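Biologist: Let's go through this model together. I will ask what stands behind each label.

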2 protein chains.
Amino acid sequence: MRIGELAAKAGVSVRALRYYEEQGLLVAERSPSGQRHYPDSGVDQVLLIQQLYAAGLPSRSIRAVLPCVETGEATPELLEWFTAERDRIDRQMRDLASARDRLDSLIVGATAVWRSGRPCPAR
Amino acid sequence: MRIGELAAKAGVSVRALRYYEEQGLLVAERSPSGQRHYPDSGVDQVLLIQQLYAAGLPSRSIRAVLPCVETGEATPELLEWFTAERDRIDRQMRDLASARDRLDSLIVGATAVWRSGRPCPAR
DNA sequence: CTAAGACCTGACGTTGACGTCAGAGGCAAG
DNA sequence: CTTGCCTCTGACGTCAACGTCAGGTCTTAG
């Protein structure tokens, strides 16, 4: 399939796909005229890339992770790197959880105040 | 206390504090010569700001949240906003969790391969 | 008094993941 | 064969949270 179709199926922009290729995250066959062609598996690959981006991994880390996801292998240095990234994600999840709890208690508290008969909460 | 001391106590840069003020997140008294002076409670305020930034909230959202954290009140529109932000954080936590699990299984798998007698994993 | 820091404003630089635009070429339908 | 959409490369724009630098002021220890 061509780049537009892949973009639509994976829910990303055409620009993003070209950027992924530029970053070495996604390879594409080229037609004689230079147009990119992707296999069906490209959709899952892009979804994986998106998932890793969503986790806050920079392109360089994703570039390191991707081949290992395919082969299931890694060098000890890479393992150390991945472990560090995983720990970073763990910390970020804790940060998110505490911020979420703070927002949550704010919401619950304000809703309680609001339902207790106050005309309309202060601005 | 002055800005350098607050920066040290809160673990952020002086530049960051001036930026927070610029964004309306942090107020400071001014000495006649124009220097900023903060109360002791400034430390906790900065830590809270940092926590919200760490959760991915942009300055505008933080600016909306901060007064409500103090008063415990909020308008219905703000509540809707906060709920949306909380849901976004929830989604982000799920994204992080799935990416972490993927990294984790990669780590576990690669470590198993590595310990099963392979000379040194492929690069 | 003076020198060393700390502080001020204002402004430009940085980074990452794209958005957007320009100008040119490719491809299937009619 | 042309029309209209898709694609190409290359390059500049964006946005947020600061970093960094310049040039000047303030404060405080000696």
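Modeller: This is a predicted model. Chain A is divided into domain 1 (1-73) and domain 2 (74-123). Their C-alpha centres lie 30 Å apart.

Biologist: What makes the two domains of chain A count as being in contact?

Modeller: Contact means heavy atoms within 4.5 Å. The contact takes 11 residues from domain 1 of chain A and eight residues from domain 2 of chain A.

Biologist: How much area do domain 1 of chain A and domain 2 of chain A bury between them?

Modeller: About 650 Å², with 67% of it on carbon and sulfur atoms. On the side of domain 1 of chain A, A:A55, A:L57 and A:A64 lose the most area, together 41% of what that side buries. The residues on that side divide into six nonpolar, three polar and two charged.

Biologist: How many salt bridges and polar contacts link domain 1 of chain A and domain 2 of chain A?

Modeller: The rule finds zero salt bridges. Two residue pairs are in polar contact, both at pLDDT 80 or more.

Biologist: Now the DNA. Why is the pair between B:R15 and DNA strand D called a polar contact?

Modeller: The cut-off for N or O atoms is 3.5 Å. A polar side-chain atom of B:R15 lies 3.1 Å from a base oxygen of DNA strand D, so the pair qualifies.

Biologist: What do A:R30 and B:Y19 reach on DNA strand D?

Modeller: Phosphate oxygens: the distance is 3.1 Å for the A:R30 side chain and 3.2 Å for B:Y19.

Biologist: Which element gives the most to the surface near DNA strand D?

Modeller: α2(B), with four residues.

Key
Residues are numbered from 1 along each chain as its sequence is written. Chains are lettered from A and ligands numbered from 1 in the order in which they are written. This is a predicted model: local features need pLDDT of at least 70, side-chain atom pairs count only at pLDDT 80 or more; totals for chains, interfaces and linings use all residues. Side-chain values use heavy atoms; hydrogens and water are left out. A polar contact is a pair of N or O atoms within 3.5 Å; within protein, one must be able to donate a hydrogen and the other to accept it, and residues adjacent in sequence count only if both atoms are side-chain atoms. Helices (H or I, at least four residues) and strands (E, at least two) are DSSP runs, numbered from the N terminus. Domain bounds come from an automatic or database domain assignment. Buried area is the accessible area (1.4 Å probe) that two parts lose on being put together, summed over both. A salt bridge is a side-chain nitrogen of Lys or Arg within 4 Å of a carboxyl oxygen of Asp or Glu. Ala, Val, Leu, Ile, Met, Phe, Trp, Tyr, Cys and Pro count as nonpolar, Asp, Glu, Lys and Arg as charged, and the others, Gly among them, as polar.
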